Each structure stands twice: as C-alpha cells, then as structure tokens.
Amino acid sequence: CKPSATNKKSVSVTMQPMRFLVEQLAGPEVEVISVLSPGDNPHTFEPTPMQMASLSKSALFFANMHYPFEEEFVNVFKAGNPDGKVVDCSQGIDLLEGSCDHDSHEEHNHGKDPHYWVLPTNAAQMVQTISKALIENNIANADSVNARVLRLNQKLNEFDVQMKAMADTAKRKMFIVFHPTLDYIARAYGLEQLAIEKNGKEPVM
C-alpha cells in the first residue's frame with residue numbers, strides 16, 4: 001500500500017477483491033491502491049501511518065463500509081482529500097446480518113456481514129456502483145469503462161449460472177468452511193454453511 005510515483009490517476013480500495021473489480025473496470029491508466037494486502041486479516045487489521053498517508057493521492061476511496069478499521073481510513077481520506085469521494089460499494093445490495101461476531105459485538109459496523117462480494121450477483125451490483133463513480137468523477141474514459149462493464153458482467157453471469165447448476169445437482173446441501181464468509185452463497189443457492197470457527201476462536205480439539 002505505497003503511494004504511486006507515476007502520473008497515473010490514483011484510487012484506493014479496502015481489499016483485494018475490490019481491487020480486482022476496480023482494475024478490471026478502470027483499466028491500466030488508473031493505479032488502484034489496496035489498503036489490505038494479500039494475507040491481511042480484515043477483522044484484526046490495524047493500518048500503519050504510511051498506509052494512512054497513501055490515501056492522500058487518491059481521488060476516490062472504494063470502501064466495503066462494514067469492517068471496523070475502515071472508519072478511521074474514511075476519516076483520514078476525507079481530511080486529506082477535500083475534493084475526494086468515498087464510494088460505498090455495498091449500496092444496492094441486500095446485506096445479511098453478521099454471522100462472525102468475534103469477541104466484540106462491534107466487529108462489523110451495524111452488524112452487517114461484510115463478505116457480500118463473494119456472490120456473483122452482488123459483485124455485478126458492485127460493478128455498477130464502481131463504474132458509475134469512475135465515469136462521474138472523470139477517473140477513466142466512459143466508453144472504455146462501459147465496454148469493460150459488459151465483459152465483466154458476462155463473466156459474472158456465467159459464474160452465477162455455473163454456481164446455481166452445481167448447487168441444484170449437489171446431493172448434500174451443507175458445506176464446511178473455517179471462517180463464516182459464505183453466507184451470501186448459501187442464501188442465494190439454497191445451501192447451508194457450517195463454520196468451524198466460532199466468535200473468532202479456533203475450535204478446541
């Protein structure tokens with residue numbers, strides 16, 4: 001999460017999945033800075049001063065809006081970027097109540113499940129939110145963004161169809177995960193998620 005030394009326009013995102021979507025839509029002419037690096041745990045993440053400073057060059061901050069550390073980042077971004085805008089990537093999505101409460105009841109803002117991006121149809125809604133912000137704020141060329149929207153939505157739709165087919169033909173509807181991140185998948189495709197981890201603690205054998 002380092003400031004850019006190039007002349008590219010710069011935007012920031014909360015995490016890697018959001019970085020992927022923004023990069024797919026904005027193209028190579030825009031630098032996308034992710035607050036979280038691969039392997040970082042968003043539930044325990046604490047930003048460094050350098051990471052906070054990296055926001056100063058970003059015109060937009062695409063936020064998940066349901067991780068506790070984001071509140072500080074949003075405040076820093078607004079303070080350092082009077083003309084910058086925060087984009088809530090969860091807008092338009094039917095959010096579930098949080099299922100991974102951890103030790104703190106305030107682990108997720110408003111108790112919402114922040115893992116909404118795992119579902120293809122939710123990702124498609126994020127594509128609309130992200131593309132609109134990129135175009136309205138003159139971050140990327142509108143025609144190029146709209147063409148990328150069509151291609152990305154086609155891929156997401158194909159993935160959704162494949163997921164439905166797999167769920168419909170599955171003999172068993174329950175699946176096991178370590179951390180409860182796939183509630184949106186379970187709800188959408190008529191499946192049941194069984195999480196090994198409870199309240200942020202590993203199981204005792």
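This is a predicted model: local features need pLDDT of at least 70, side-chain atom pairs count only at pLDDT 80 or more; totals for chains, interfaces and linings use all residues.
Local features were taken at pLDDT of at least 70 and side-chain atom pairs at pLDDT 80 or more, while totals for chains, interfaces and linings use all residues. Numbering starts from 1 along each chain as its sequence is written, and side-chain values use heavy atoms, with hydrogens and water left out.

The inside comes first. Nonpolar side chains in soluble globular proteins tend to be buried together. Helices (H or I, at least four residues) and strands (E, at least two) are DSSP runs, numbered from the N terminus. Leaving aside residues up to four places away in sequence, valine 11 is in contact (heavy atoms within 4.5 Å) with Val22, Val30, Glu31, Val32, Ile33, Ser58, Leu60, Phe62 and Ile139.

A search of the whole structure turns up 1 aromatic pair. Ring centres of phenylalanine 61 and phenylalanine 77 sit 5.9 Å apart with planes at 45 degrees, so this pair is tilted. For Phe, Tyr and Trp (its six-membered ring), pairing needs centres within 6.5 Å; planes under 30 degrees apart are stacked, over 60 edge-to-face, and the rest tilted. Phenylalanine 61 belongs to strand S3 (residues 60-63) and phenylalanine 77 to helix H3 (residues 70-80), 16 residues apart. Phenylalanine 61 is buried at 0% relative accessible area, and phenylalanine 77 is also at 0%; buried means under 20%, exposed over 50%, and partly exposed in between (1.4 Å probe, protein chains only).

Over in helix H4, threonine 129 is buried too, at 8%. Threonine 129 touches Val87, Asp88, Cys89 and Gln91, not counting residues up to four places away in sequence.

Most residues other than glycine have a negative phi. Methionine 65, in the loop between S3 and H3, has a positive phi near 80 degrees and is partly exposed at 26%. Asparagine 138, in the loop between H4 and H5, has a positive phi near 55 degrees and is exposed at 56%.
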